[in-house]
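Have the sequence and the 3D view open side by side.

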Amino acid sequence: MLAKFYPIILLVISNVFMMFAWYGHLKFTNKPLYIVIFISWLIAFVEYCFAVPANRLGHQYYSAAELKTMQEVITLCVFVGFSVLYLGESITINHIIGFILIFAGAFFIFKGPF
């Protein structure tokens, strides 16, 4: 039963790497674009080393739609922390409302057929 959580753990790790690949360079606007693209690709490679096994293992327990939904919810959670702690941005009520609506969509994916 514990194996059902391995994909989730791997997706969280992969998302941390992906946040840095996608948004980490925003703190280094003085660096040339080709350098940040190259570094982002290196970070994204590590991210894939976690994401691909997460989906391979996860598909034993979850549908593709459930895996994708998990990925999006985890991405939002990691993004909020990354945005606040690393980029120093604030989260507004509009962001919170939007995230709640996305979480509501995730609920219906996992709820199953009506």
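At roughly what angle do the axes of helix 1 and helix 3 cross, and within how many Å do they come? They cross at roughly 55° and come within 9 Å, with axes being lines fitted to C-alpha atoms (for helices over the stretch in contact) and angles running from 0 to 180 degrees between N-to-C directions. Helix 1 and helix 3 are therefore oblique to each other; the scheme here calls angles under 35 degrees roughly parallel, over 145 roughly antiparallel, 65 to 115 roughly perpendicular and the rest oblique. Helix 1 passes helix 3 in a right-handed crossing, where right-handed means the near helix is turned clockwise from the far one by less than a right angle, and left-handed means anticlockwise. On the helix 1 side, the contact (heavy atoms within 4.5 Å) includes I8, L11, V12 and F20, and on the helix 3 side M70, Q71, I74 and F82 are among the residues involved. That contact counts twelve nonpolar residues, four polar and no charged, with Ala, Val, Leu, Ile, Met, Phe, Trp, Tyr, Cys and Pro taken as nonpolar, Asp, Glu, Lys and Arg as charged, and the others, Gly among them, as polar.

A quick word on what you're looking at. This is a predicted model, where local features need pLDDT of at least 70 and side-chain atom pairs count only at pLDDT 80 or more, while totals for chains, interfaces and linings use all residues. Residues are numbered from 1 along each chain as its sequence is written, and side-chain values use heavy atoms, with hydrogens and water left out.

Now zoom out. The chain has four helices and zero strands, both being DSSP runs numbered from the N terminus (H or I, at least four residues, for helices; E, at least two, for strands). In sequence order that reads α-α-α-α, and the C-alpha trace spans about 50 × 35 × 20 Å along its principal axes.

Next, follow helix 1 over to helix 2. Their axes cross at roughly 160° and come within 8 Å, so helix 1 and helix 2 are roughly antiparallel to each other. This crossing is left-handed. Helix 1 brings P7, L10 and F17, among others, to the contact, while helix 2 contributes residues including I43, E47 and F50. By class, the contact splits into 17 nonpolar, three polar and one charged.

Helix 3 also packs against helix 4 (residues 93-111), at an angle of about 155° and with the axes 10 Å apart. That makes helix 3 and helix 4 roughly antiparallel, therefore, by the angle. Their crossing is left-handed, and the residues in contact include V73 and L76 of helix 3 and F99 and F103 of helix 4.

What about the gaps? Rolling a probe the size of a water molecule over the atoms shows where empty space is left. The largest pocket has a volume of about 260 Å³. Of its 14 lining residues, M18, W22, E47, K68 and Q71 are the closest to its centre. Helix 1 (6-23), helix 2 (33-58) and helix 3 (64-85) each give two or more residues to this lining, which divides into seven nonpolar, four polar and three charged.A pocket here is an open set of points on a 1 Å grid over the protein atoms alone, where a 1.4 Å probe fits, with protein on both sides within 12 Å along at least five of seven lines; lining residues have an atom within 4 Å of a point. Its volume is the space filled by probe spheres set on the points, which are joined across faces, edges and corners.

The second largest pocket holds about 160 Å³, and helix 2 gives the most to its lining, with five residues.
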